[in-house]
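Good morning, and thank you for making time for this item. I shall begin with one residue and then widen the view to the whole chain.

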Amino acid sequence: MTIKEIFDTMDYGPAPESSAEAFQWLSDKGGIAGHYINGKWGALRDDFASTNPATGERLAGVTKGTADEVAEAVKAARKAQPAWAKDGHKRARVLYAIARLMQKHSRLLAVMEVLDNGKPIREARDIDVPQAIRHFYHHAGFAQLMDDELPDREALGVCGQIIPWNFPLLMLAWKIAPALAMGNTVVLKPAEYTSLSAMVFADICTQAGVPAGVVNIVTGDGDTGAALVNADVDKIAFTGSTAVGRIIREQTAGSGKALSLELGGKSPYIVFDDADIDSAVEGLVDAIWFNQGQVCCAGSRLLVQETIADAFYAKLKARMQGLRIGDPLDKCIDVGAIVDPIQLQQITKMVSDNTDGETFQIAAPEGCFYPPTLITGLSPASTLMQEEIFGPVLAATTFRTPSEAVEIANNTRYGLAASVWSENINLALDMAPKLAAGIVWINGTNMMDAAAGFGGVRESGFGREGGWEGLSGYTKPKTTAKPVKAIAAFTGDDAPADPLDRTAKLYIGGKQARPDGGYSQAVFAPKGARLGDVSLANRKDLRNAVEAMNAAKGWSKTTGHLRAQILYYIAENLSARADEFANRIKAMTGKSGTAEVEASIQTLFTAAAWADKYDGQVHGVPVRGVAIAMKEPVGKIAALCDDTPLLGLVQAMAPAIAMGNRITLVASGPFPLAATDFYQILETSDVPAGVVNIITGDHAELAPHMGKHMDIDAVWSFSPQDLAATIEAGSATNLKRTWITQAPTTKETLMQATEVKNVWVPYGE
C-alpha cells in the first residue's frame, strides 16, 4: 500500500504494545494481588480472579481482605502516623521519590492498567500515568510548604480510601498524594476489578523508602470496603457511585469521621451556534468516548442549539464512524473494552429499554465491547438524560436560548462537570457561574490537573481533590475545643408580668410569623422569674423558612461590597443597642452580656471585611490557559446555634450571608430571647426578606427534618446537643454538606460557606 493510499483510506495497521513485562511482574509476585500492610506483602490467597476485559483471560488471583486484615492495616497506619506528620521536608522527599520511580516504571504501570481495565494504551500511557505522576510531584511541594502556608492546620490522622475501577492508578494518586503530603497515613482499597496497578504502586513505595505503615493497601470487594468504612479511621475518602456514597454517608453518621465523596454525574455538553463545530465534535469524542464513557464527569448529555443541531449531528455521526474499537493494547485503538460483562449488561439494558428518540450506533467487536452510541431527540426528562449510564452512550437534545440551556443543564440531581462551547467568550463566561457543577470547561473537556480541585455538588458529592482547596479535606484546625455540655433551661412558675400576650413569633421571610403548631414555651431567669415566651417551631415552619430562602435567591448574585455594607449596618445597629442586648443576656444567663455583645459586633465586622476579600485563585495549570477557582455560595443553609444567646447566632449568620448564602437559624434552646430581639436589628438593617430566617424550638426535634430536607444544601450544628448522627444520616437523602462543630471560627465558617468551582479557560488559536 502506498502512502497516498494510506491517506485516502486512513487504514491503520496494528501497533500492539507488549504485555510480556507485565505478566512477568505478576508471575514474580506469585500471580496473586494481595495486601501490602506495614511495608510488607501479606498472605496471598486466590479468593477471586482478575481478568482482562478485552479477552476474558485470567490475569491474577485477588485476595479478599477480611475485617481483621483491614484492622491490622489501620493499626499499622495509626502507629506510623505521628512520626510521619512531624517533618514536611521528609515527606516531600518521599513523595518526590515516588514520582520519580513512577516515571521510571511508567510503561509497566500503563500496560498493567490496560490489561486490568480495558482502556486503550494511548489513554493510559499519555493521560492516566502522567497525571498520576504529576499529582505526586505537585503534592511533594505541598508537603514542603505546609508548615509555612498552613500553620494553623494539621493532619487528620489515618485516612481510609476507596477508589473505583475506571481510573485505578489516577484515583489512587488523587487520594494518596494529598493525604501523605499533609501528614496523614492511609489504608487504600482498590476496586474489585482493578487491583493490579495498586500492587505495582505498593512495590514502588518500598523502593521509594516510604516508612512502614504510611501506605497500606488492602485488596477485596465490597465487603472489604465496608470493613474499611467501619474501621477506626479518621476519614473516609470515597470515589464511586452515588448509591454507594449514600450508604457510606449513613454508615459514618455520628462517627466523627471526616468524609469526602466524589460520586456520579450526568454532565452537560453545551454547544452554541457560534461554536467552532469541528472542534466541538472532536471535544465531544473525548468527553463521552474517552475510557469507553466510563467516566464520572463524561459529557453524556449533549445540548445543541437548535439552529445547528442537524449539521452538528451529521458531523458527529461521520466522526463516530471513524472511531476504531478493539484490542486496548493496540496503539491505534480509540475505544477499548468495557471493564466487566456485568457493566456491559447494565449499559446494554439501559439502552435497549429506551424507547425515546433515534439511536445511531457504529459496529463493535464481539466480546466485552459496546459500540459508541448517539441517541438524539430526547426530552430533558427522558431516563437516559437523567440517569448515569457509565458507558459510551451519548444522550442529546436541543435548546433555543442561553437561559433555556442553563435550565436544561441544571435539570439533574447531579452537579459534577459541564462543558460550554462558544466563540463568544462573554457568553461562555456568563454561563459558567450559572451551571450547577464543580468544574466547567470552556471550549474544552476533561482538562484536569493536580493544581486545580476536582469535585462536585448536589448528588455528585462534596469535597475537592487537587489544588489548595483539596488539601482542606485532609487537614483540621490545630485548636481542639473541649466538648461543651448542654445547658438545661431554667425553670420557674411565675405568671407573666404583663397580662397581654407578648409571645415572640418566628422570623421567616422578613416577617414575624406565628408557629404552625401553635405552641410556645416560657423562658425563665436563673432565679425563676419569667422573662417571656417563645414559639416552638416544627417541620412546617422549617419548610416555610426554606421557601423564604428560595425566594431570596437573588442574594447570591449580589456583590461582596453590597453584602459587606449590610453586615456593617447590622453591626452598627447592634452597637447602638448594645446595653439592651447585654442586659437581656444577663437576665437569661445570670452572667454579664457585655463581652458577648462586643464579640458579636466584632464577628459582624470580620465577616463584612471578608465579604469582598475571600477570593478565589487562578491556578497555574500546564495548559495554554487558566483554571479559575471561583468561590461560590453553598446556597441554603440551616444552622443550629450554640447556647451563647447572641454570639451563637451571629457566628453562624454573619460569615454565611457574607458569602452570599441564605440561612435559617435555630436559636439557642435555653436562651432564645436574644435571637428574637435580633429580629428588630435585621428589620432595620436592609437585610432582604428571606436571607436570614430565625426560628425557635427544640434542636433535637428540628435536627432530623433539617438533615432530611431535600431542598437544603447544608446543615451546620454548633449545638451542644449530640445531633451528629441524626443530621449526617438524614443528609444522605440529597447528600448535602454537613458541619458539626462546637468551635467555629470565622475563617473556618467561610470555608464551610463556599463551594469552589474551577472554570477552565484555554486561549490561543
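Glu 701 has a relative accessible area of 42% and is therefore partly exposed, a class lying between buried (under 20% relative accessible area) and exposed (over 50%), computed with a 1.4 Å probe and protein chains only. This residue is found in helix H24, residues 699-708; helices here are DSSP runs of H or I of at least four residues, strands are E runs of at least two, and both are numbered from the N terminus. Setting aside residues up to four places away in sequence, Glu 701 touches Ala 537 and Asn 538, where contact means heavy atoms within 4.5 Å. Glu 701 and Leu 750 are 49 residues apart in sequence, and their C-alpha atoms lie 27 Å apart in space.

The model is predicted, with local features requiring pLDDT of at least 70 and side-chain atom pairs counted only at pLDDT 80 or more, while totals for chains, interfaces and linings use all residues. Residues are numbered from 1 along each chain as its sequence is written, and side-chain values use heavy atoms, with hydrogens and water left out.

My second residue is Arg 458, located in the loop between strand E18 (439-442) and strand E19 (461-462). Its relative accessibility is 34%, and Arg 458 thus counts as partly exposed. Beyond its neighbours within four places in sequence, Arg 458 has contacts that include Asn 410, Tyr 414, Ala 436 and Asn 734. Arg 458 and Leu 263 are 195 residues apart along the chain, yet 9.8 Å separates their C-alpha atoms.

Turning to the whole chain, the secondary structure comprises 26 helices and 32 strands. The radius of gyration is 28 Å, close to the 27 Å from the globule rule for 765 residues, so the chain is as compact as a globular protein of that length; the radius is taken over C-alpha atoms, and the rule is 2.2 Å times the number of residues to the power 0.38. Buried residues make up 59% of the 765.
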